[in-house]
Amino acid sequence: MNIYTQRLDPSTLNSEQQAIIDRQKQAENFLYLDFDTRQRSRFKAETQHQETIGVDLPRTETIKNGSVLADYQGNLIQIMAAKQGLIEVTADNNFDLMKGAYHLGNRHVPLMLTPTALYFEPDHVLESMLHQLGLHTQAVQAPFEPETGAYKGNQGGHSHSHDHGNNHNHSHHDHDHSHTHGNSHD
C-alpha cells in the first residue's frame with residue numbers, strides 16, 4: 001500500500017508530474033473524498049480503481065478539490081471533492097441570502113458560498129432557523145468546498161469539530177446551536 005505524505009501545489013507540478021496527473025484523469029483514477037475525510041491528516045482510502053492507499057500528512061489545512069499528494073517513491077494521486085449530501089439555501093433576493101450567510105457564519109457552520117446559493121452539511125435545526133428567516137432549503141448531492149476563513153493565512157486552518165479544546169461552550173440542549181465565546185458578537 002502506498003502511503004502519501006506530501007502535498008504538492010498543482011500549479012507548480014513539473015511536466016513529468018503533470019503528465020502523471022493527466023494520465024490519471026484520462027483513466028478516471030482519482031481519490032474522491034468527502035469534506036470530513038479531507039479535513040483529516042491520516043486515513044486510508046480507495047482510489048477509483050479500488051487501490052487502497054494511506055495518507056499521512058503533516059497537520060495543516062483541509063485537502064482541497066484538485067490537490068495532489070505524493071509518496072516517497074514519487075507516485076502521485078489527485079484528490080477530488082466527492083459529491084455528498086448537502087443543504088442548498090436560496091432566497092428570493094440577495095439581501096435575504098446575505099442574512100442567511102450571516103446567521104450560519106455566526107454559528108461557525110462550514111459554509112460553501114456561490115453567487116446564488118449557500119451550502120452546508122445537513123442539520124435540521126439550522127434548516128428550521130433558515131425557514132423562519134424566509135429562506136428556501138433543499139437537499140442536494142454536490143462536492144463540498146466550504147470557505148476557509150479570512151484569518152487563516154496560507155498555512156493555517158483547523159478542522160471544525162465541536163472539540164476545540166479552547167474553552168468554547170457549545171450548547172446543544174434543546175437543539176440550541178449558539179456558541180458562547182466570552183466576547184460579544186453584537
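Tutor: What follows is a walk along helix 3 and its surroundings.

This is a predicted model, in which local features need pLDDT of at least 70 and side-chain atom pairs count only at pLDDT 80 or more, while totals for chains, interfaces and linings use all residues. Residues are numbered from 1 along each chain as its sequence is written, and side-chain values use heavy atoms, with hydrogens and water left out.

Among contacts in the protein chain with a separation of 6 or more, 64% are between residues 24 or more positions apart, contact meaning heavy atoms within 4.5 Å.

Helix 3 covers residues 94-106. With its 13 residues, helix 3 reaches 18 Å from its first C-alpha to its last, close to the 18 Å expected at 1.5 Å a residue, the expected span being 1.5 Å times one less than the number of residues. Asp-96, Leu-97, Gly-100 and Leu-104 are the buried residues of helix 3. Seen down the axis of helix 3, these buried residues fall within an arc of 100°, so they line one face of the helix; the arc is that of the directions from the helix axis to the C-beta atoms. In general, an α-helix has 3.6 residues a turn, so residues three or four places apart point the same way. On the other side of helix 3, Asn-94, Phe-95 and Met-98 are exposed. The cover over the buried residues of helix 3 includes strand 7 (83-90), strand 9 (118-120) and helix 4.

The crossing of the two helices is right-handed, a term used if the near helix is turned clockwise from the far one by less than a right angle, and left-handed if anticlockwise. Where they meet, Gly-100, His-103 and Leu-104 of helix 3 face Leu-126, Met-129 and Leu-130 of helix 4 in contact. By class, this contact has four nonpolar, two polar and no charged residues, with Ala, Val, Leu, Ile, Met, Phe, Trp, Tyr, Cys and Pro counted as nonpolar, Asp, Glu, Lys and Arg as charged, and the others, Gly among them, as polar. His-131, also in helix 4, counts as partly exposed at 43% relative accessibility, and its C-alpha is 9.7 Å from that of Gly-100, although 31 residues separate them in sequence.

Strand 9 contributes Tyr-119, which counts as buried at 12% relative accessibility. Leaving aside neighbours within four places in sequence, the contacts of Tyr-119 include Leu-86, Ile-87 and Glu-88.

Finally, His-108 lies in the loop between helix 3 and strand 8 (112-113). His-108 has a positive phi of about 60° although it is not a glycine, and at 31% relative accessibility His-108 counts as partly exposed.

Conventions. Axes are lines fitted to C-alpha atoms, for helices over the stretch in contact, and angles run from 0 to 180 degrees between N-to-C directions. Helices (H or I, at least four residues) and strands (E, at least two) are DSSP runs, numbered from the N terminus. Buried means under 20% relative accessible area, exposed over 50%, partly exposed in between (1.4 Å probe, protein chains only).
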